[in-house]
Amino acid sequence: MTVEHDPLPSSRLTSQCGKSTPLVGRAAQLAALLDAATSPPRVVRLEGEAGVGKTRLLAELRTRAGGQVLSGVCQSFRAGFPLAPLLDALLPAPWGERPGPLLGALVPLLPELADRLPPPLPSLGDPRLDRHRLYRAIREALSLSGPAVLVVDDLHWADDQTVEFLRYLIGHLPERLALVLSYRPREADRDVLADAARNGALTVRLEPLDDVQTGALVQAMLGRGLPPADVCQALVRRTGGVPFAIEEVVRAAAERPSSEGSPWAALTEQQAPEGFREAIEQRLSRVDTGIRAVVAAAAVLAAPANEDELASVAGLDHGSAALSAAVGLDLLREVAPGRYRCRHELAEQAVRQGLPSNVLASLHRGSADVLQSGPVPLPHARIAAHLRACGDEAGWCEHSERAADRATALGDTATAVTVLREILLVPDLAEQSRERLALKLGRTALDGLDHGATVAVLADMLSTVPLPAAVRGELRSDLGLLLINQAGEPDAGYRELERAADELRDPRPDLAARVMSALANLHAGHQHVGTHLRWLAEARLLSPALTEPAARTAFAVNELTTLMTCGKPEAWRLLPILLDEPVDAGIGRAQMRGCLNIVDATAWLGHYRQAERHLGHGRALAAKFAAPYTEEQLAVAHLLLDWLRGNWSGLRGRAAELVTKHASLQRIAAECRLIEGALAAEAGDDEHALRVLREVGAPGVSAPPLAATANAIVAELQYRRGAMSAAVGTVTAALDTIRRTGMWVWATELTPVAVELLCLTGRVEEARGVLREHRDGIEGLDCPASVAALELGEALGRHRQGRPREALERYRHAERLFDALPRPFWLGRTRALLGECALTAGEDGTVSLREAAAAFTSLGASGRAQRCYRILREHGVTERKRGRPGYGEQLSPRELEAATLAASGRTNRQIASALGVSVRTVEQHVAHALRKLNLHSRHDLGPALGSRLAHQT
């Protein structure tokens, strides 16, 4: 929608507080008024609710019309002055001709113009004839003033005689006069409007402003940038988009800035501005007590209500007449069939602020009673708010807890956590209630995103409130998990879990088993794998105490997580528990958490198909059992999986968005930063990559696999920039992370980089030691990615020590392993090293280098692709600008090898094993050979190869 506002001084109206108000979003309506003003005789009906900007638009008309504009405003006096707005309009009128004798009828009404008017006329002896002559005189005066526009503002307050004259005038409109009638549609005299319609009147309607127009108005008034979209939406909800209400809010906000950090916060605060409150009170002062009571009831209920509900809260036996009148006066609106509320939130606030405290408390009590007698499910949150407002603290606690339970059932953990925290702050809360609510808060918070305040509440209770050991242990367990998972404080969280295990061991062995199984999680506390496995062994001893199905499922998920993260083969037998149909939400959320953990574990291990399967299953569970924190982690797990599998298109932007979204959730943000930094490094954005990855790799900030991987990439960037000493120091820190945990299954990104840097700096024995540690660390484990990395490290060690022939065999094995995962980025790196090594050994490495370059190009790693081409050039291999580079229509050495073996009858898998390449590479070589030899079948290769070889030599 187009938003217009004229910045010229002439388009601004000075308000009571001395600040100019811009005209926003009214270009079409202003154009219609100007068109009517320049083409008399015309009648225009300008309608709109109170405060919508009719008077402001008429002021703009007076500024821009160019001709004569005669204005009269009807006043809201209890006894209106007859014809007052018409006489006000005539006083400044410049009559172009000498007035005729008829205008003498105006002398008694306009004595200040007696010197310009003919002599007064005697009475005709009949009041009706005198009145008719007066109307003719006013019409004549208006006609002499033409061309002109007569504006009658606030027609809804017009006295009877003014209404009668306007009906007369509409039927006898002078040729050079345009008439504009401004009014509130529900309050104006319908006869005048009907007469205008019958005489072809144009109707111009002013609607409330929308979000965009509201933002433009705020921007123009405050002279700063556009407010955020959510602020504009909240302001429209609060004011109904009524410009007067918006202006009052903006001016109050400018005079009384918010104490919050956002410069826009004051625009959505609850206090109604004084000017708006006075306007509402003025309107209510003109209606009877029944109408006021119904409006007050609607303002306190603050939600759509039917007639009986409003009457009950208002204390009226019959509220129908008062309700109809309130709707007729636009004080209330029918927002749904048979349901009514105030015009907007600001009107509700203004009405409530104007009520005496005892009346307000009584209305809140009545509102609570009405809501409690309504249909189930009861709106517990609303009932609680009304009870607290009338001083019923016990009732507030009861219904607030029920509201929290309802929010938890619906998956709205953020609301549940907020409500439970607030109840726990009540000073005189009963001890049993405090314990029950604290336990409920801890359990609920584990699935939420808002952890900071909850951590503080739980820590305060544990340090200040005497609690039974079982309660303390359970609370401490929840606190520990919050610190580990949401707060990003694994060491502190681990200590809390250890203390919880001790506190629960005797009174609650079932809970102790759960806590110990959490201590077994390798992402909890970053201990050595042996420590975690010892906790798992102890937890298994206590696990028979677990009798509840949800508790047994949660324990099994923890056990599975530990074993799968380690790469223990026996983990696979536990995996089906995640695929069982959950019978309740507790089991469903445990399975969803298990799916998340398995996606993370299998992704780092290199089981990408399993990771993808459980990612899909986890999301299906999330659709049934809402757990916001786990859902967000699933989105990040998808990000990790895409990075590892080489699905890099748009990935850096997705990672950056999630970093911004979850800046306060350190664990989630760290994983996203790792991926963002790794992709930045491959795109050549080294400075950004170093800054982000150093944050991730800093001690104690991230989980071990993230820290080790981040530091491996940083070390490689440092080496690339010539800082070899710094690179070795960084990679050593990364190795220390892996050694501290004993988790060499997490060293996929690290070991090849570490071996190469150590060898390049002459630390060959250290490199061999790393390979030995890696080999021992994964022995007997199911971790294909780490196995491939170890094989690549073995190849690199031999390569950098000047043993290319031995290295080639290892490179080809690593190539097969990475291809089988598949892991495109590391497959490309392996092929690049393989090609370089082959050329060094005097063999053909061009195909491997070109395949690597193509893979890097498709991933967006242009720097690595260029390095491949540079190595080719250094070995005398040139590239054509177009078409297939290299050997043209001649068979390359590798294509010849593959074609010869195919001609002998070997399968692609047998050829791949013989040549030390992947099956896919063999397929490509054979296909290229068939194309170059113009053959359709590999069975024709034997006869064709002899003549082709003779021609090539």
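Guide: Strand 6 (residues 177–183) is largely enclosed by the rest of the structure, because seven of its seven residues are buried, where buried means under 20% relative accessible area, exposed over 50% and partly exposed in between, with a 1.4 Å probe and protein chains only. Strands here are DSSP runs of E with at least two residues, and helices are runs of H or I with at least four, each numbered from the N terminus. This is a predicted model, in which local features need pLDDT of at least 70 and side-chain atom pairs count only at pLDDT 80 or more, while totals for chains, interfaces and linings use all residues. Residues are numbered from 1 along each chain as its sequence is written, and side-chain values use heavy atoms, with hydrogens and water left out.

From strand 6, L177, L179, L181 and Y183 point one way, whereas A178, V180 and S182 point the other way, and all are buried. Strand 6 pairs in the parallel sense with strand 3 (residues 42–47) over six bridges, two strands being counted as paired if DSSP finds at least two bridges between them. Within that pairing, L179 of strand 6 is the bridge partner of V43. Strand 5 (residues 148–153) also pairs with strand 6 in the parallel sense, over five bridges, and here L181 of strand 6 is the bridge partner of V152.

Apart from neighbours within four places in sequence, E348 is in contact with A298, A299, A302, A303, R341 and C342, contact meaning heavy atoms within 4.5 Å.

Turning to helix packing, helix 17 (residues 393–409) and helix 18 (residues 413–424) pack at an angle of about 160 degrees, with their axes 8 Å apart; the axes are lines fitted to C-alpha atoms, for helices over the stretch in contact, and angles run from 0 to 180 degrees between N-to-C directions. That angle makes helix 17 roughly antiparallel to helix 18, since angles over 145 degrees count as roughly antiparallel, under 35 as roughly parallel, 65 to 115 as roughly perpendicular and the rest as oblique. Among the residues that meet across this pair are W396 and A404 in helix 17, and V419 and L420 in helix 18.
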